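This report describes a protein chain for a reader who has not seen it before. Please look over the sequence and the structure before reading on.

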Amino acid sequence: MRLTEGQVLELFRTLTARQLRQWVRRGWIVPSQVATAPLFDDVDIARIRLVCELRDDMNVNDDAVPIILALLDQLYGLRRELRTLADALRHQPDEVRQEVRRALSVIVTRQG
């Protein structure tokens, strides 16, 4: 699904065009640019929803929003990497998987 700015504003009735454009300028939302108009995909919509919740429901100020977004981006990136690693590990022999489990349990024990 790709939405125009007008469709996004219909979806988020409390969001103004000025706010949305400001969030895009700040890099909080990164829509694809087609001709002269931005198009917002599902990821953009989820991120707009998150920014609205941070600002409206949680009273997070503009200085904190990019920090929170960057931390969430890092978290999701790490989750993707861990998923890739887990998929690769599933294809390894049992002894390799067992050795990785032992190594991880040592790490967890040291941190706990």
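In which helix does Asp-44 lie? Asp-44 lies in helix H3, residues 42–57 (a helix is a DSSP run of H or I, at least four residues, numbered from the N terminus).

## Basis

This is a predicted model, in which local features need pLDDT of at least 70 and side-chain atom pairs count only at pLDDT 80 or more, while totals for chains, interfaces and linings use all residues. Residues are numbered from 1 along each chain as its sequence is written, and side-chain values use heavy atoms, with hydrogens and water left out.

Asp-44 is buried but has no salt bridge; Arg-47, its nearest side chain of opposite charge, is 6.7 Å away. Buried means under 20% relative accessible area with a 1.4 Å probe, protein chains only. A salt bridge needs a side-chain nitrogen of Lys or Arg within 4 Å of a carboxyl oxygen of Asp or Glu.

Glu-5, in helix H1 (residues 5–11), counts as buried because its relative accessible area is 17%. The side chains of Glu-5 and Arg-21 make a polar contact at 2.6 Å.

## Two domains

The domain assignment gives domain 1 (1–60) and domain 2 (65–111); such bounds come from an automatic or database assignment. Their C-alpha centres lie 31 Å apart. The contact (heavy atoms within 4.5 Å) takes 7 residues from domain 1 and 6 residues from domain 2.

Across the interface the rule finds 1 salt bridge. Arg-47 forms a salt bridge with Asp-73, with the closest N and O atoms 2.8 Å apart.

Key:
Helices (H or I, at least four residues) and strands (E, at least two) are DSSP runs, numbered from the N terminus. Buried means under 20% relative accessible area, exposed over 50%, partly exposed in between (1.4 Å probe, protein chains only). Lys and Arg count as positive and Asp and Glu as negative; His and the chain ends are not counted. A polar contact is a pair of N or O atoms within 3.5 Å; within protein, one must be able to donate a hydrogen and the other to accept it, and residues adjacent in sequence count only if both atoms are side-chain atoms.
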